[in-house]
Each structure stands twice: as structure tokens, then as C-alpha cells.
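Hi there,

Here is the structure I promised to pass on to you. Have a look at it first, and then read my notes below.

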Amino acid sequence: MSTSIAMSPVADPARGHAEERAQIGGLTAATASKGDAALFRLFITPLEVWNKVVATGVAKAKYSWPKKILLSFLAGAYLSFGMAFAFLVGGQLKNTKVDDPGMYNLILGFFGLPFGLTMVILMGSDLYTSDVTFMCAAWCEGKTKLTAVVWNLVYCWFGNLCGSLFMVQMYLWGDVFTGREAFEEGVAVKKTSPDFGVNFVRGMLCNWLVNIATWQAMTAQDVTGKFVGVFIPVTIFVASGFEHCIANQFGIPMGMRLGGPAHYVSTSEAIVKNYIPVTLGNSVAAIIFIVGFYFFSIGTGHDMVVNSWNSAVARFLPPMLAGWLQTGDVVAGEGGLHPLPGKFIGDISVHYGGAAGGGASTPSHRGISAALRALTSSMRGTHATPPAAVVSTQPQLQGTGESAHAKSMV
């Protein structure tokens, strides 16, 4: 006797992002139709990357300080390899720099830091400029404490510095720059000459690109794709002359130790004129252009802003005008738009219990999400927390009473 089992749509936990559901759902359907255990993909979607970014931040927040410092030390060393490579290849093309500055900048950006950042990513070390994104994203979604974010970034920055200074000494012991030190000496002077604001902006532009590189590396699921994702943005930032605080932890001290014009650059000048403004610029860019934009577009912040906006226009404007101005992609009947769930759903999503979830309620009370949730509640005239979505890995099956288990892909 043949029976047919019809699958009802699973309640989407991804807050109504239609384009993401289409991509993820299509891939899941393809896997099921082929009977494959898993479908290998060359890349994943932005929503999945955001989930990975938050999950990575949560994992890093749990590191012990010895683990954090050791992994940060390695990141400083790996990036120093790349920085030194750029100096020893592109930095030696003196004639090209004069005759064809465009080609010179391209070669300088091509050979060096892209390889260093690729090593950082593939070897699992911790780099300050990308950790800002991981940690702040986890905090915004209410998954870690602000104190954990601050201490993690402090350990990371100083761990990177220790690794960079160690590599400076190693290159000096190895006489690697002997006869090739002129470019390196000039770099130390060049990086400490601009005003505070100039280096701050260059730091912002740099880390916007570096975090694009990190994001694209997380998007790619193969080593070649990860390298290509890193290569293009990092080449752009080096060729453009932007400033990276961790790369400078090797570049400036190396020049100061080699002598020449850089011998007159003091440690205080390096700190005040470069490290401080560049570190601030790197941090601000990661927080605004990566964490901020994606939190409010595909993260929990999107739902909170939409709900606040819809509540405001419904409360203060005439119904017809409010209907034109309301936004969202979950349409109700005569009541307008349903509030979006406003909960982070990902690899580390919080499952709410009670009668529906079968467990205790474990809401998040930290981060921007909590603040926006409170704002939404106040605009609705209530202080109650909106009901949260429950993630189910067993979709409802309709048919002849037979049951089956199917894993839903978040």
C-alpha cells in the first residue's frame, strides 16, 4: 500500500528574510531529492555568515587568558611574515616606484599582507581587527557580556604586539633586511608623519576592507575561495596606503631598529601618532560598517527597528497613512503587520522553553537587542517581552499518520 506524506512549511526562524529562505531552502530540497547526506557548497549566504560571526564571538568570549594571548601572539607573527614579505618584494622596486607608481602599488599590495591574513584565518589565530567584529556582534545579539568583549580585545591587541615584536627581533637576528633596509626605514617615518585625523580615517578605510576580507573568507567553504576572498580587499587596502594597527606593530618598530631616518622616531611618537588613531579607526570601522550595518539589516536589530517603526506610525498617524508607511515582510489580515520575532537564530540560538519549548526560559538581557526590545515594548504601551520563536528541528508532517524526522537548516 502506497502512502504519500505531505510536508507542511516549517515556521521560519530566520525572521522573514525571503531571499535567504529561498537560497537555503532550495539547497536543502536539492539535498533531499538527491538523497545525499550533505550538499557541499562553495559559499554560504550572508545570514549564515552573520550567524557564524556571532557564534565565533561567543566562543572567543569563553577563552582563558593564556589561550587568548597565545593565539593572538601567533596572529601577530603570521601578519609580520606578510608585512616583511611586502617590504622585501614590492619595497625593493625603486625604479618601478618612480617610473610606474600604479604598478608599484599593485605589487606592494599583491605580495605580502594577503598571505599573512590568509595564514591568520586558516591557522585559527586571533587578530585584533577582526576580533572587534566577532566580539561586538556577539554583544549586540546579547550573547556575551561587555566586560568579556573589552578584556578579550585588550588581550588580543597586546598579544598581537608581543608576536609582532618577537618577529622584529627574529628578523634582526637573521640579518634579513641587511642591504634592503631603505624602504623599511622610510615606512616608519611615513606612518608617524600624518595628523591624528588622517591616520584615524586611514584606519577606518583599512579595517572596513580587512573585515570584508574576513567575511568573504567565512563565506567561502574551500581554501581557494578563502584566499581569493582575502586577496582582493587586502590588496586594495595596501595599494591605497591605508593603516592597519597590527601590521604597524611590526612595520614601525622594524624601521626604528634598523636605523637611518627612522632612528629618530620615538616610541611615544609611534604610539600617539599611529597606534592610537589607527587602532581607534580600525575599531570604529568594524563596529559601524560591519557589525552595525549587518545587525540592523539581517540581525536581530532589523526586527526591532521594523517593529518600533510600525508601532510608531500606527500609534501616531491616521490608519491610511500608517498603512502606506509601515514596512515588513510578514503581512497580517486586517490588523496590519505582525511583529517580527526579533530573536537571533543561528548556531548558538537561544531556545525558549515553557509549554512550547519543553524547557526553562533563558532570555538574553544584554546587548543592543535588549535595548531595542525594551524600546519596542514601551512604544506598544507594555513592558512585557514579546514572545520568542521556538526553533524546531522536527517539522510537522501531514498525511496518513506516519511520522518522519527532518532536520531544518537555519
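Let's start with W151, which is exposed, with a relative accessible area of 51% (buried means under 20%, exposed over 50%, and partly exposed in between, with a 1.4 Å probe and protein chains only). You will find W151 in helix α8, residues 146-173; helices are DSSP runs of H or I with at least four residues, numbered from the N terminus. The C-alpha atoms of W151 and A61 are 8.9 Å apart, although 90 residues separate the two along the chain.

Please keep in mind that this is a predicted model, where local features need pLDDT of at least 70 and side-chain atom pairs count only at pLDDT 80 or more, while totals for chains, interfaces and linings use all residues. Residues are numbered from 1 along each chain as its sequence is written, and side-chain values use heavy atoms, leaving out hydrogens and water.

Another tryptophan, W324, sits in helix α15 and counts as exposed because its relative accessibility is 73%.

Next, look at helices α5 (residues 101-110) and α11 (residues 223-240): their axes come within 8 Å and cross at roughly 130° (axes are lines fitted to C-alpha atoms, for helices over the stretch in contact, with angles from 0 to 180 degrees between N-to-C directions). The two helices, α5 and α11, are therefore oblique to each other; angles under 35 degrees count as roughly parallel, over 145 as roughly antiparallel, 65 to 115 as roughly perpendicular and the rest as oblique.

Enjoy exploring!
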